[in-house]
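My notes follow, one topic at a time.

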Amino acid sequence: MSRPQQITVLGATGSIGLSTLDVIGRHPERYQVFALSGFTRLSELLALCIRHAPRFAVVPEAAVAQGLQDDLRAAGLQTRVLVGEEGLCQVASDPEVDAVMAAIVGAAGLRPTLAAVEAGKKILLANKEALVMSGALFMQAVRKSGSVLLPIDSEHNAIFQCMPRDFSRGLGVVGVRRILLTASGGPFRQTPLEELVHVTPEQACAHPNWSMGRKISVDSASMMNKGLELIEACWLFDARPSQVEVVIHPQSVIHSLVDYVDGSVLAQLGNPDMRTPIANALAWPERIDSGVAPLDLFAIARLDFQAPDEQRFPCLRLARQAAEAGDSAPAMLNAANEVAVAAFLDGRVRYLEIASIIEEVLNLQAVVSLDDLDAVFTVDARARELAGQWLRRHGR
Ligand code: NDP
Ligand code: MG
């Protein structure tokens with residue numbers, strides 16, 4: 001039997017990281033953990049290292065590295081602790097690594113994910129923000145290195161499963177009319193509009209179907225998540241924004257659909273559990289057990305669909321505008337959203353102000369072309385500065 005594949009999990013202490021390790025743990029003959037990273041939850045990182053005995057663990061700064069190194073040694077482990085973005089890039093591109101799970105949240109995941117792409121690794125992409133920020137450069141790097149890019153986002157993984165293998169020839173060429181991107185509508189799908197002004201971070205994070213990290217939970221409540229996913233879909237499947245339609249489907253059983261010119265519509269269904277797309281991407285093109293229960297259609301009984309309401313979900317409108325503007329607009333949208341969501345989670349801004357902040361940043365910043373990574377981070381920093389100005393002007 002061939003040697004187990006060596007897997008680096010960036011963002012191991014998060015929701016996707018833990019689900020990934022759950023799937024990996026079910027198949028020790030196929031997968032071995034090469035490296036794990038954490039950021040604030042370092043006691044969890046230690047526990048994960050004890051369970052999976054990786055070669056490397058990565059933490060944000062030297063101040064905490066020594067403590068973890070001592071604890072690992074005391075536990076009898078050989079795991080070496082690396083530090084910061086340099087450490088993340090090292091474990092993402094190490095010659096021994098076969099696949100990298102990119103599950104750091106937000107812009108912080110971009111450089112390590114790109115390091116994995118440039119090293120030609122198999123990329124399991126959960127960190128959609130990386131692709132939203134730098135889509136053209138990212139996809140160019142994928143083509144250059146020959147890296148295999150597999151979507152973890154449940155919708156994109158569903159679309160990937162419903163697409164013909166040769167979709168890269170062009171959607172029109174392979175007979176795809178459009179992509180139908182499903183959305184649950186989140187916790188505020190039916191909340192009276194006048195109540196949205198009062199909603200709290202706890203309410204925003206209480207997703208009806210999925211258990212996720214706090215940032216993506218707020219993005220799901222505002223439907224910015226679907227906006228980021230629209231941009232993500234355009235890059236992954238070489239689609240125009242007008243070829244991607246968002247469909248609210250509150251049960252989250254159909255994870256997305258592909259509509260073909262002959263009238264066929266292919267969908268992927270499953271229980272809302274991220275271990276399904278993770279197992280699909282890990283084993284692709286084979287299939288492995290993910291631990292997810294079989295779908296019980298009789299218990300589900302019905303599937304509903306509705307069009308999204310842009311008055312209720314202004315972030316979706318802003319994201320579609322950014323997708324259509326292209327170039328630096330998605331990076332600006334993403335950075336402004338990261339600042340606004342962090343401020344909302346800290347109790348400094350109200351839920352409805354998230355969209356106001358993003359709209360102001362998009363209006364104040366000119367769209368420019370992004371020729372290299374420095375240009376991406378310059379735009380990102382400027383958008384954060386403008387969002388910070390909004391906060392200061394409003395005394396937050
Ligand atoms: P979590 O917040 O649960 O986890 C985020 C991970 O990133 C944690 O390991 C965290 O470390 C680490 N991290 C946070 N900030 C930094 C930083 N500045 N530098 C390095 N590491 C950092 O998020 P999720 O797992 O929910 O989401 C991860 C990514 O996957 C996101 O991009 C999200 O959009 C995407 N995704 C998630 C889905 C889900 O169901 N959860 C579904 C589809 C996509 P620590 O916890 O130690 O602080
Ligand atoms: Mg998704």
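**Entry 1: Ala-53.** I started with accessibility. Ala-53 counts as partly exposed because its relative accessibility is 45%; buried means under 20% relative accessible area, exposed over 50%, and partly exposed in between (1.4 Å probe, protein chains only). I then checked the backbone. Ala-53 has a positive phi of about 45°, although it is not a glycine. I placed Ala-53 in the loop between α2 (42-52) and β3 (56-59). Helices (H or I, at least four residues) and strands (E, at least two) are DSSP runs, numbered from the N terminus.

**Ground rules.** I noted that this is a predicted model, in which local features need pLDDT of at least 70, side-chain atom pairs count only at pLDDT 80 or more, and totals for chains, interfaces and linings use all residues. Residues are numbered from 1 along each chain as its sequence is written, chains are lettered from A and ligands numbered from 1 in the order in which they are written, and side-chain values use heavy atoms, with hydrogens and water left out.

**Entry 2: Met-223.** I looked up another positive phi in a residue other than glycine: Met-223, near 65°. Met-223 sits in the loop between α9 (214-222) and α10 (224-237). Met-223 counts as buried because its relative accessibility is 2%.

**Entry 3: a cis bond.** I found that the peptide bond from Trp-284 to Pro-285 is cis, with omega near 5°. Pro-285 belongs to the loop between α11 (275-283) and α12.

**Entry 4: ligand 1.** Which residues are closest to ligand 1? I listed Thr-13, Phe-39, Thr-40, Arg-41 and Glu-129, out of 23 residues around the ligand (near means a heavy atom within 4 Å). The shell divides into eleven nonpolar, eight polar and four charged residues. Ala, Val, Leu, Ile, Met, Phe, Trp, Tyr, Cys and Pro count as nonpolar, Asp, Glu, Lys and Arg as charged, and the others, Gly among them, as polar. Both α1 (15-25) and α6 (128-145) supply at least two shell residues each.

A backbone N or O atom of Phe-39 lies 2.8 Å from an oxygen atom of ligand 1. For Gly-14 I read 3.1 Å from a backbone N or O atom to a ligand oxygen. A polar backbone atom of Ala-126 is 3.4 Å from an oxygen atom of ligand 1. Taken alone, ligand 1 exposes 890 Å², and the protein buries 89% of that (Shrake-Rupley method, 1.4 Å probe).

Note on methods: A polar contact is a pair of N or O atoms within 3.5 Å; within protein, one must be able to donate a hydrogen and the other to accept it, and residues adjacent in sequence count only if both atoms are side-chain atoms.
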